[in-house]
Amino acid sequence: MFINCHSFYSFKYGTMSVEALIAEAKGKKLDSLALTDINSTAGVFPFIREAQKKGIHPVIGIDFRNGVKQQYIGLAKNQEGFFELNKHLSHHRIKGIPFEAKAPAFAHSFIVYPLPAKFFALRENEFVGIHPYQLNKIVKSPWFRYKDKLILLQPATFSSKLEFNAHRLLRAIDGNTLLSKLETEEQGEICDMLYSYADMVARCEGHSYLLYNAQKLLEACQFSFYFQAVKNRRDILGSDWEDYDYLRQETFKGALMRYADLTAEISKRIEKELELIQQKGFVSYFLINYDIVNFAHSKGYYHVGRGSGANSIVAYCLYITDVDPIELDLYFERFINLYRENPPDFDIDFSWTDRDEVTAYIFEKYNQGNQEHVALLGSYSTFQSNSMLRELGKVFGLPKTEIESLIYYAGKPDYVPDQYGKLIIKYSQVLHGMPSHLTIHACGILISHKPIHYYTATEMPPKGFPLAHIDMHVAEDIGLYKFDILSQRGLGHIKSAIQIIEQNQGVKVDIRQVEKFKKDPKIKEHLRDGHTIGAFYVESPAMRMLLAKMKADEYLELVAASSIIRPGVARSGMMREYILRHVDPERRKTAHPVMMEIMPETYGIMVYQEDVIKVAHYFAELSLSEADVLRRGMSGKSRSKEEFKRVQDQFFINCEKLGRDPKITAEVWYQIESFAGYSFAKGHSASFAVESYQSLYLKAYFPLEFMVGVINNFGGFYHTEFYVHELRMSGADIQAPHINESDYLTNIKGKTVYLGFIHLKFLEKTSVEKILRERAVNGPYLGLSDFIARVEISLEQALILIRIACFRFTGKSKQELLWEAHFILNKRKTVAVGNELFKKSGFRELQVPELEAADIRQEIVDQIEILEFPLDSPFLLVKDQSVASVRAKDMKLHLGKTVQVISYLVTIKYTRTVKGEVMNFGTFVDREGDWIDTVHFPPVVKKYPFKGRGIYLVKGKVTQEFDFYSIEVSSCERMEYWNAGD
């Protein structure tokens with residue numbers, strides 16, 4: 001009866017979730033209905049799932065509209081119908097073509113038009129929809145003679161007046177207009193709701209044929225779908241057996257290269273994995289990942305394979321990952337088991353400069369002719385509290401200051417809002433969590449066996465690759481598993497550093513000698529000391545502190561540290577307990593014997609994701625299937641909350657039966673609950689550790705080139721300033737951008753590093769291109785006048801170059817050069833490049849008046865303004881240079897004493913105590929460039945909050961834990977700077 005229902009996947013139009021829509025239908029005792037979201041298929045499979053669960057016959061389709069103007073509704077008779085509707089929608093969305101008033105000829109779909117103004121011939125599968133308010137009109141219409149072609153068109157978009165109001169607000173947000181100016185044509189009707197059969201009979205009195213025809217149409221649509229079957233691309237080589245034979249062949253070929261001695265243990269593990277991979281239908285999944293990394297190798301691209309798939313020896317032998325599961329004793333069942341429905345996930349990282357080409361290869365390789373099989377995975381941006389308050393404030397016409405005030409006070413218990421404030425807060429809660437629009441998943445790509453439009457429509461985002469309407473949860477639910485192709489800066493650091501080392505030193509580095517790196521004494525020293533700035537994943541203050549406390553210098557210790565540092569382990573208090581047991585063998589005796597037996601390597605403490613499975617399976621004797629439900633539920637990937645709750649209850653029931661101490665059971669559950677959503681799989685941590693070793697090797701043996709590589713790829717933990725600082729501390733001669741020596745990016749010549757023009761905040765890229773192009777063609781610039789004669793540049797752009805000392809080779813002071821630039825460029829706003837007169841003669845030497853001597857402090861101010869950081873010591877800017885300060889190197893001498901330190905702020909970590917109070921961890925450098933760590937407890941944070949970048953006078957007590965020194969701060973105040981006007 002209802003052929004035009006909308007969920008909130010009709011973005012910024014519908015208000016009901018799929019579950020709410022089905023619940024509403026069930027409440028009205030409806031036995032079938034059609035979901036036809038506006039130009040969207042995002043809700044289709046959740047709708048089918050929920051409808052079948054509640055005993056309602058689901059029909060799927062699409063409401064094709066130009067803006068809000070309905071052109072026609074398409075209802076899929078079957079899977080082929082859904083395919084053709086998706087293809088039609090995708091074509092128009094990708095090309096940006098509006099829908100015509102008449103639908104194309106569909107073979108497997110029904111089309112329903114809203115009552116047209118003019119009569120026209122309908123195809124066999126086409127109908128005209130009549131809204132109850134059009135009943136009087138239809139009687140006088142020529143369409144009335146064709147009652148068999150007329151059906152009820154009662155839209156269902158909301159379920160109450162409250163939701164109708166919310167719908168109007170969404171429409172105003174979508175149109176970026178005030179609610180008071182929202183046109184009625186831009187919104188639905190208040191009666192666009194579901195009604196019971198009796199109500200609809202009453203509303204359509206005398207026209208019961210409309211209900212009958214609509215019901216008949218719904219019954220004619222039979223979309224059967226088998227959720228459990230794997231929908232990913234298969235038969236890569238033509239058949240299942242050929243695929244398996246090839247996978248087996250390539251695995252053993254790789255095994256012979258990976259292992260000098262292919263032992264029985266290794267062969268047995270390979271055979272076991274291959275058998276399970278074949279049984280579960282994941283052969284093609286492995287082969288496609290293998291193909292992707294082979295393509296990357298052929299192009300010379302570095303990659304890191306991680307995720308639960310890193311536990312696989314088959315993946316290791318195929319070089320998808322570089323983690324040996326035999327060496328690390330990786331838990332097989334975390335990777336794959338008979339009860340696990342989804343394949344192991346491979347997160348394949350590429351350098352941020354290479355990922356797009358890898359993505360393009362996947363689309364080119366796995367699309368077939370005019371049939372698309374590949375799409376980027378979708379995601380949904382949802383309305384969140386603050387953004388919702390802001391959007392609703394604009395819709396109600398509130399001034400910006402009132403909106404910001406409302407956002408600030410809305411959560412306060414004693415806040416009493418005015419009339420508009422009450423409405424905004426009320427409807428922000430109604431709309432909170434609703435999807436706002438379709439976005440791109442961070443890394444997922446779908447490759448289907450049948451064309452992708454059998455499962456979803458697609459859009460064309462600015463990225464330039466088709467985007468699916470479904471998200472990862474829906475894709476996984478229907479058996480379409482994503483391939484994760486990610487980008488990260490760490491691989492860019494490594495790739496760039498290797499190129500720079502060859503250019504600067506003529507040395508070719510083999511970065512794949514990871515086994516050698518694990519034993520390297522210099523790398524071990526860097527790890528023990530936490531000397532890891534710039535190295536992938538181990539450079540943050542928290543990680544440097546953890547490594548120093550653990551005195552970690554072994555591969556397995558770094559693997560553990562990579563997971564321990566995650567929020568969950570720290571939150572459960574087990575990070576500190578792990579360190580205690582790591583440094584003190586006696587402490588290990590406090591571990592529960594069963595937990596110690598399950599996890600001896602980590603001293604009976606859960607560190608890795610698979611530890612959840614181990615503990616659930618061995619401590620609580622849950623089945624592997626139940627244990628995996630537990631793991632997935634903890635990480636937010638559970639399909640069913642009810643299923644997770646059942647397994648949680650079973651955990652406690654089993655522990656009670658086994659006679660476990662209830663306190664210990666509760667403590668174990670708390671650990672699981674605290675960290676499982678944040679922890680890494682062990683293989684995943686090991687993959688990160690491998691990349692960390694590669695970074696550390698470059699840092700230990702080629703510190704200057706490595707840090708230049710880090711600077712040129714951006715995206716590290718710290719601001720560029722502190723990588724420049726690290727370069728200086730490593731012995732580099734740091735030079736400001738130089739008109740004849742610098743490139744767009746930073747370069748190194750011997751031990752001299754010239755910062756790149758990219759770092760000059762206000763210098764336009766077109767100006768840089770002109771400078772570099774002219775220099776490449778006609779050689780170095782002889783001076784400022786020669787530069788201005790050869791490069792067409794504005795006065796403002798030239799002044800940036802002068803103020804940062806790009807022309808220091810001329811021997812002229814900055815003041816002289818600034819005077820000269822103003823004189824020349826004010827006479828000639830810009831000098832044409834082709835002006836031969838100036839090219840031949842240059843400008844005459846100017847007689848510059850005597851100018852005031854330069855002040856180093858003004859130089860630093862210019863550097864901060866143009867580069868956003870100083871090259872000379874920022875400590876020279878402190879107004880009072882007489883204040884005493886302890887050095888970071890001498891901290892050990894003052895243990896337990898109160899000290900004061902003049903220090904330059906590097907970074908702040910904001911966190912909360914168990915009581916919800918804000919506390920900070922600070923990282924600073926002192927005058928000599930050495931690092932200082934500080935702890936700011938809530939009372940200190942309230943009294944002495946950080947006030948942005950700068951130099952602070954920090955006072956506090958020197959403390960030590962596990963031989964790691966820090967200051968427990970009692971006061972922290974930003975120091976006054978020199979002012980040129982004083």
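This report walks through a predicted model, from its overall build to a handful of individual residues.

## Ground rules

Residues are numbered from 1 along each chain as its sequence is written, and side-chain values use heavy atoms, with hydrogens and water left out. Because the model is predicted, local features need pLDDT of at least 70 and side-chain atom pairs count only at pLDDT 80 or more, while totals for chains, interfaces and linings use all residues.

## Overall build

Let's start with the whole chain. It holds 40 helices and 22 strands; helices (H or I, at least four residues) and strands (E, at least two) are DSSP runs, numbered from the N terminus. The radius of gyration is 33 Å, close to the 30 Å that the globule rule gives for 982 residues, so the chain is as compact as a globular protein of that length. That radius is taken over C-alpha atoms, and the globule rule is 2.2 Å times the number of residues to the power 0.38. Along its principal axes, the C-alpha trace spans about 100 × 80 × 65 Å.

Of the 982 residues, 56% are buried. Here buried means under 20% relative accessible area, exposed over 50%, and partly exposed in between (1.4 Å probe, protein chains only). Among contacts (heavy atoms within 4.5 Å) between residues at least 6 apart in sequence, 69% join residues at least 24 apart.

## Surface and charge

The chain exposes about 42,900 Å², and carbon and sulfur atoms supply 52% of that area. Accessible areas come from the Shrake-Rupley method with a 1.4 Å probe; for residues, only the protein chains shown count as cover.

The chain has 121 positive and 123 negative charges, and their mean positions are 3 Å apart. In this count Lys and Arg are positive and Asp and Glu negative, with His and the chain ends not counted. Each charge is placed at NZ of Lys, CZ of Arg, CG of Asp or CD of Glu.

## Cysteines

You will find zero disulfides here, a disulfide being a pair of cysteine sulfur atoms within 2.5 Å. For Cys 204, the nearest cysteine sulfur belongs to Cys 191 and is 11 Å away. Cys 204 is buried, with a relative accessible area of 1%. Cys 443 is buried too, at 10%.

Helix α33 (residues 720–729) is largely enclosed by the rest of the structure, because eight of its 10 residues are buried. Those buried residues are Thr 720, Glu 721, Phe 722, Tyr 723, Val 724, His 725, Glu 726 and Leu 727. After α33 comes Gly 731, with a positive phi near 100°.

Helix α22 (residues 541–550) is mostly covered, with eight of its 10 residues buried. The buried residues of α22 include the charged-type side chains Arg 544 and Lys 549, along with Pro 541, Met 543, Leu 546, Leu 547, Ala 548 and Met 550. Just after α22, Lys 551 takes a positive phi of about 55°.

## Positive phi in loops

Most residues other than glycine have a negative phi. Asn 39, in the loop between β2 (32–38) and α2 (44–53), has a positive phi near 50°. Asn 39 also counts as buried, at 8% relative accessibility.

Glu 621 is another non-glycine residue with a positive phi, about 55°. Its place is the loop between α27 (610–619) and α28 (624–634).

Asn 289 sits in helix α10 (residues 283–298) and is buried, with a relative accessible area of 0%. Leaving aside neighbours within four places in sequence, Asn 289 is in contact with Ile 320, Phe 346, Ile 348 and Phe 483. Val 430, in helix α17 (residues 419–431), is partly exposed, with a relative accessible area of 24%. Not counting residues up to four places away in sequence, Val 430 touches Leu 162 and Ala 166. Its C-alpha atom is separated by 60 Å from that of Glu 774, 344 residues apart along the chain.

Trp 352 lies in the loop between β9 (347–351) and α14 (355–366) and counts as partly exposed at 34% relative accessibility. Beyond residues up to four places away in sequence, Trp 352 touches Ser 487, Gln 488, Arg 489 and Asn 713. Trp 352 and Gly 490 are 138 residues apart in sequence and 8.9 Å apart in space, C-alpha to C-alpha.
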